[in-house]
Structures are given as structure tokens and as C-alpha cells.
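Colleague: I am new to this model and would like a close look at one part of it, followed by some context from the rest of the chain.

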Amino acid sequence: MNDRSKKGGRRVTRRAGSIKGAAAAIGLLMIAGSAPALAQTSPSSYEEANQSAANDPLNWLTPDQVVELVLRQSPDLERARIEEERARELVLSEEHERTPVFSADAGYRYGQFPDLSAQGTRLIDSSALSLAGRLSHTLPIGTRVALSASLNRAVRDSVVLGDLGVAYDAGIAAEVTQPLLRGAGRDVVDAALLSARRAEELRLAQSDELTNALLYESLTTYWDLWLAQRSLEIQQGARRLAEQSLQEATVRLEAGAAAPADLIPLRIEIARAEEALLAARTRVDERSLTLSRQLGLATDTSLRARSEAPSIPDLPESDRALERYEANSPELQRLTIALEDARQQAALARNNARPALDAVGSFQLDGLGRSTPDALAQIGRAEGYVAFVGLRLELPIINRARQADARRAELAVRAAEHDLEQARADARHTITSLLNEARAARTRAELARQTAELTRENVAAQRARFETGRGTAFEVVDALQRLQEAEERVVEADLELMRHTLALQQLTGTLPDIP
């Protein structure tokens, strides 16, 4: 296997190792049948949110377990592994394709042919038993070498000499052909092998690119599920606050310190919270179903995100992110391999467009006698021989087709170069944009937390004013709604930052390093 294939293998091994190491403390997920054997725990904060599915066990996942399931369960990755194996077998086939070839012939020939004599036309009998063998091989520089040997037993007759009886003839020959123009050079001779190796490299790069995309998709869905769960918690908290405020208002009503109309806004807020809870539970179920499909699990598997707030790594500088892109991006690797392949095909097309001019040399020894030893002895004395040295030229009258193929191959190189440069340019713009958006999202998350803290203080203040008769229920409801909105902005800002980070890691090929 070539260096790039080994590098790809080490990269896959390193990726799997880092993932397994990160998931070792949690334990690997083993899938049995259609139901995964996932850790089944249910934090109390989610009990109320899942009353409608009390009989369904919940499977709590961490990001590491999501990565592990993608690598183990994805049907797309399984198909990619099959294609990788096919590419490796093609390389093995081409590596053993250029081996010495041996061929042999054996046969018996009998017949009569007419010949002229002084007495007129006579039929001459002829019969022969022949054996022949040939060994040929093409050297790495394109030189074709062939060795052959033959032995014949013939019964001969002659119009002039009469019946000649049995004769044996033997011969050995060697022929060397060296292409001087078309077909010359190691790159041309090994074109099929080089193409197979590059196809294997391309398949590994495509598998890495597919893995990168699947990890990004699944992790993004995982954090969308996390957001849906946090939104559900916020809705539950808002309803609990509204119920608590209603209970306190009811006590004041019974004590004669409040009017019945003061309780109406709180009852409306509780009803609104119930509607929001139903929508939040639906979003959680939808995200769970999407994640189950992406992980190759049964559709009735209820998944939940175990993690707390997303742990965001430090954002790299633009130059550092570009270095990671150049070193790890599967897309860039795929385009680089495609460019190398296009250049090889262009060189091959240019070679095919050249005339064929071959230098040919051969040497043959022949022997003839009444017995096989006599014939072989004459070969040993080198009495009968033929030597030949020459040139063989093949020049098409019209070469437009091959010239057009060479031109097309050159244009393919230019297109591949353009794709590679365009990918680098797009990556520079995308990395800059993602870093700017991620930094802005981080700032928004910090500001959202400050706003949420202030709204909590405002809720406490409005409830205190309402209990003392200086405030109204509308003011309490308004404070509760603002608190709910502020808390949702916090988790949305955290998730937005996580999405930008995931997109950056996908682009730079560093997704498996996510904790």
C-alpha cells in the first residue's frame, strides 16, 4: 500500500482510537437486534415531561456515544467500507497484473498439397507433430522481452528428392522490443497500477468526507435535541412559577386581600404554559426520532441528550484554522487526489497521441536432423541462426481523435486545479465567517445570561409587590414571560455557538476531537 493509503489508514485508526478513549469511561454501546442496550436512566427533571410515555424507557446519550454509534451503525459507512475493500482488491490485482506470461502449443498436422514435377502434378503427403512454448514479460520501463522454443517432428516428401522420411527440427528465439515514443516510460507502463492506487486513496478520502458529514449531521441533531429538552425544562419551570403565584394569590383571595379578577391573568398564563409544554414535548419527540434514524436505531427508540450545557473549545485564530483545514480536510484531500489523477491521465493521453516508434531486436537459432539430439546438437553449435535489428513505426494518417483526447485531458487538469483553488478560497471565507459568527454568538450568550439573571430578580420583585398589594397579576405574568424568553435565549445562544463550532470542525476535519 502506498504512503497516502497508509496515512489514511493511520488517520482512521487514530480517529477510532481517540473516540474509543473518550467513550471508555462511559462504556461502549452494544446493539442487539432492533433495540439498543443503552444506559437507561431518567433524571427527575424530565419525569413530568415524559408522563405521556411513562411505559417507554428513555435512552440517554452523550456526544461520545453518538460518535461511537455513527461509526458502528451507519449503513452509509458500511457501504463505504465495502467500496474501500474493493479498491484495495483492485490495487492487488494491478500489482500482480504485470507478471511473466507463459504460453504453449501442441498439435498434429496432416495433409496433401499439389506440386509440379516433370511427370505433371503430384500430391505430396505431409504430416507433422509440433511442440512450442513462449515466455514474455514487460519490464517497468516498457521493454517487452520474449523467449520461445519449438520442436517439430515431420514426415517430409519431395518431388525432386522423393521420400525424405522423418526429420526433426528445433529452434529457440529471443526478441526484445523497446518503445521509443508511445508506450515508453515507467509512468505509462504502470498507468493502470497508479490509477488503482489513486482510486484507493480517493475512496479513503471520500469515506473520511462521508464520516465527517455524518458526524456533523448527527451531532447537530443531538444538540437540537438538547435544546428541545432545555426548552421543555424552561416551560416546566415557567408553569411551576405560575402555579405557585396562583396558589399565593388564592391564599390572598381567601384572606380578602385580593379580588377574583386578580387570579384570571395567572390562570391564563398557566393555560398558555400547558400549550407551550405540549409543543415542547412534540419537538423533543421529533428530534429523538430524527437522531434515531441517523444513528441506525429502531424508530421506537426514545433518545435523550444527557449532556449539560455544550462545552465549547477555545476558538482558534483564522490562520490556525486554515492550517487545520490544509492538514485534515477530507474535501481538500479528495480534490488534491483528483488533481493528481487528472495530471496522470493527461500525461497518458499525451503519450497516446504520439507516434509509435519501437526498436526491435531478435536472434534465432535453428537445428535440423534425423533425431531430436541431432537437431539440438546443431542448435548448440550455432550453425543456423538469424539476427535482426530494426525499427517499427506506426503513424496514423489522421491523429485528430487522440489529439482531441489529449486536449480534453489537459482541460480536465485545469478544471481540477480550479476546483482545488476555489475550495481553498471558499474555505478561507467560510472559516472567517464562522469564526466571526461564533465569537458574536459567544458574546450574545454572555449577554443573555446577564439578562436572564436580571429577569429572575425582576420576577422575585414583582411577586413580592403583588403579595403586598402594590403590584398586579399582569405585572407578575409579564415578568414570568420575560424570564422564560430570557432563559430560552440563553440556551439558543449556547446552541448557536455550538452549531458554528461544529461547522468549523467539520470544515477543518476535526469533528472526532469533540469531547
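Colleague: Leaving out residues up to four places away in sequence, which residues does T143 touch?

Modeller: This is a predicted model, in which local features need pLDDT of at least 70 and side-chain atom pairs count only at pLDDT 80 or more, while totals for chains, interfaces and linings use all residues. Residues are numbered from 1 along each chain as its sequence is written, and side-chain values use heavy atoms, with hydrogens and water left out.

T143 touches H137, T138, V176, T177, Q178 and P179, with residues up to four places away in sequence not counted; contact means heavy atoms within 4.5 Å. T143 sits in the loop between β5 (120–138) and β6 (144–158). Helices (H or I, at least four residues) and strands (E, at least two) are DSSP runs, numbered from the N terminus. T143 counts as buried because its relative accessibility is 7%; buried means under 20% relative accessible area, exposed over 50% and partly exposed in between, with a 1.4 Å probe and protein chains only.

A382 is another loop residue, placed between α9 (372–380) and β10 (384–394). With a relative accessible area of 37%, A382 is partly exposed. Its phi is near 50°, a positive value in a residue other than glycine. Most residues other than glycine have a negative phi.

β10 also holds Y385, which pairs with F363 of strand β9 (residues 356–369), 22 residues away, and so links distant parts of the chain. Rings of Phe, Tyr and Trp (its six-membered ring) pair if their centres lie within 6.5 Å; planes under 30 degrees apart count as stacked, over 60 as edge-to-face and the rest as tilted. The F363 and Y385 rings are stacked, at 6.0 Å centre to centre with 20° between the planes. F363 is partly exposed at 40% relative accessibility, whereas Y385, at 52%, counts as exposed.

Elsewhere, Y222, W223 and W226 form one aromatic cluster. Both Y222 and W223 are buried.

As for the interior, a nonpolar core is a set of buried Ala, Val, Leu, Ile, Met, Phe, Trp, Tyr and Cys residues joined through side-chain atoms within 4.5 Å. The largest one has 31 residues, and L61 and L295 touch the most other members. Its largest share, 11 residues, is supplied by α5. A second, separate core has 25 residues, among them L339, V413, A423 and I431.
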